[in-house]
Amino acid sequence: MRIIFAGTPDAAVPTLQALLDSPHEVALVITRPPARRGRGKTAYPSPVASVAAQAGVELLETTSLQAPEIGERIAAVRGDLGVVVAYGALVPPNVLETPTHGWLNLHFSDLPRWRGAAPVQWAIREGDQSTASCVFTLEEGLDTGDVYSRVEVPIGRESAGELLTAMAESGASQVLDVIDAVADGSAIAIPQSTEGVTYARRLEHGDGYVSFTHDAQHEDRVIRSVTPNPGAYTVLPGGVRMKLGKAIPVERDDLEPGQLDVTKKHVSVGCEGGALILGQVAPAGKSWMDAAAWARGARPDARMRLGGAGEEQL
């Protein structure tokens with residue numbers, strides 16, 4: 001089949017690469033324009049753009065598919081099927097109707113749970129024991145289309161980045177199976193349930209704040225849900241921020257929320273229930289280091305507390 005592919009981040013690359021390696025033809029790749037980052041504000045192409053360029057595939061870099069000339073360019077490709085994996089913008093009705101067999105979307109949630117931009121992050125944050133990757137037919141509604149394929153995925157102690165990477169890799173073959181079924185006419189799509197619908201908004205910087213005023217399991221899920229982006233952090237006395245990497249929740253009741261227990265190898269922080277053993281930390285203006293190394297330099301005393309109600313606004 002002649003495929004139009006739309007995607008932007010690393011999570012979209014495995015599916016694009018699988019399509020490029022398959023008997024199907026990738027006729028056009030749509031992605032977001034280069035993003036500027038770093039102190040020099042250097043423009044970097046998206047991960048999908050880099051793969052497409054290396055493969056010599058026609059590339060369309062755009063923030064929106066709404067303009068008439070964009071729709072005309074996509075229509076000129078005469079695609080049989082469109083495939084979307086985390087493109088980052090809505091596909092308007094005129095573009096949805098362009099490919100002969102419509103569009104497929106690989107979504108990293110157990111639809112209809114966690115429709116939206118950050119399904120893996122919210123599944124972890126809310127303590128879901130499992131999630132799923134779904135391939136469904138794209139329509140005007142937000143992740144509302146009929147589902148062709150669902151593969152359940154257990155959630156363990158992964159960060160959002162780790163889980164998303166694993167699901168992106170396994171989801172690539174899932175997409176190819178659905179494309180083959182569409183091609184031979186055997187594909188069957190099942191309507192989503194109208195019950196259990198939840199939405200996964202994009203997580204912002206403030207969502208990574210760890211106050212240690214909740215139980216350790218909750219604070220652990222917060223950290224894993226925002227790792228690596230937008231990142232977890234707490235505050236030191238005076239409102240100075242410190243980034244937090246993955247931590248380990250443990251059962252203990254001898255520490256107050258935010259209170260430290262420092263040994264040669266570990267730094268534990270009390271929570272409302274239990275405690276967290278910190279892993280990597282990055283104090284303001286410094287690189288990542290083991291929490292024990294930070295403590296050796298910072299020499300926190302017994303009165304020092306991390307986090308705390310109201311500190312997040314400092």
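Me: A nonpolar core is a set of buried Ala, Val, Leu, Ile, Met, Phe, Trp, Tyr and Cys residues joined through side-chain atoms within 4.5 Å. Which residues touch the most other members of the largest one?

Reply: F5, L244, L278, W294 and L306, out of 64 residues in that core. Helix α6 (residues 160–184) gives the largest share, ten residues. Buried means under 20% relative accessible area, exposed over 50% and partly exposed in between, with a 1.4 Å probe and protein chains only.

Me: Where do these numbers come from?

Reply: This is a predicted model, in which local features need pLDDT of at least 70 and side-chain atom pairs count only at pLDDT 80 or more, while totals for chains, interfaces and linings use all residues. Residues are numbered from 1 along each chain as its sequence is written, and side-chain values use heavy atoms, with hydrogens and water left out. Helices (H or I, at least four residues) and strands (E, at least two) are DSSP runs, numbered from the N terminus.

Me: Back to L244. What is it in contact with, skipping neighbours within four places in sequence?

Reply: V210, F212, I223, A232, Y233, T234, L278, Q280, V281 and W288. Contact means heavy atoms within 4.5 Å.

Me: And which residues are in the other core?

Reply: That core lies apart and has 21 residues, among them L28, V77, L96 and W103.

Me: Which residue is the bridge partner of L244 in β18?

Reply: V281. Strands β13 (residues 241–244) and β18 (residues 280–283) pair in the antiparallel sense, over three bridges. Two strands pair if DSSP finds at least two bridges between them.

Me: What is the strand order of the open sheet with β13 and β18?

Reply: β12-β13-β18-β19, four strands with antiparallel pairing. β12 (232–235) and β19 (289–290) are the edges; each has a single partner strand, so one side of each has no neighbour in the sheet.

Me: There's another open sheet, with β14 to β17. What order there?

Reply: β14-β17-β16-β15, with antiparallel pairing. Its edges are β14 (248–250) and β15 (260–262), each with a single partner strand, so one side of each is left without a neighbour in the sheet. On average, neighbouring strands of this sheet are turned by 25° against each other, direction ignored.

Me: How many bridges between β15 and β16?

Reply: Three, in the antiparallel sense, with β16 covering residues 267–270. V262 has V267 as its bridge partner in β16.

Me: Which strands does α7 touch when it packs on that sheet?

Reply: β14 and β17 (275–277), and its direction makes about 45° with that of β17. α8 also packs on the sheet, touching β15 and β16, with about 85° between its direction and that of β16. Axes are lines fitted to C-alpha atoms, for helices over the stretch in contact, and angles run from 0 to 180 degrees between N-to-C directions.

Me: D143 has a positive phi. What value?

Reply: Near 55°, in a residue other than glycine. D143 lies in the loop between β9 (130–137) and β10 (147–154).

Me: Is D143 buried or exposed?

Reply: Buried, because its relative accessibility is 7%.

Me: And R299, buried or exposed?

Reply: R299 counts as exposed because its relative accessibility is 72%. R299 is in the segment after α8 (291–298), and its phi is near 50°, a positive value in a residue other than glycine.
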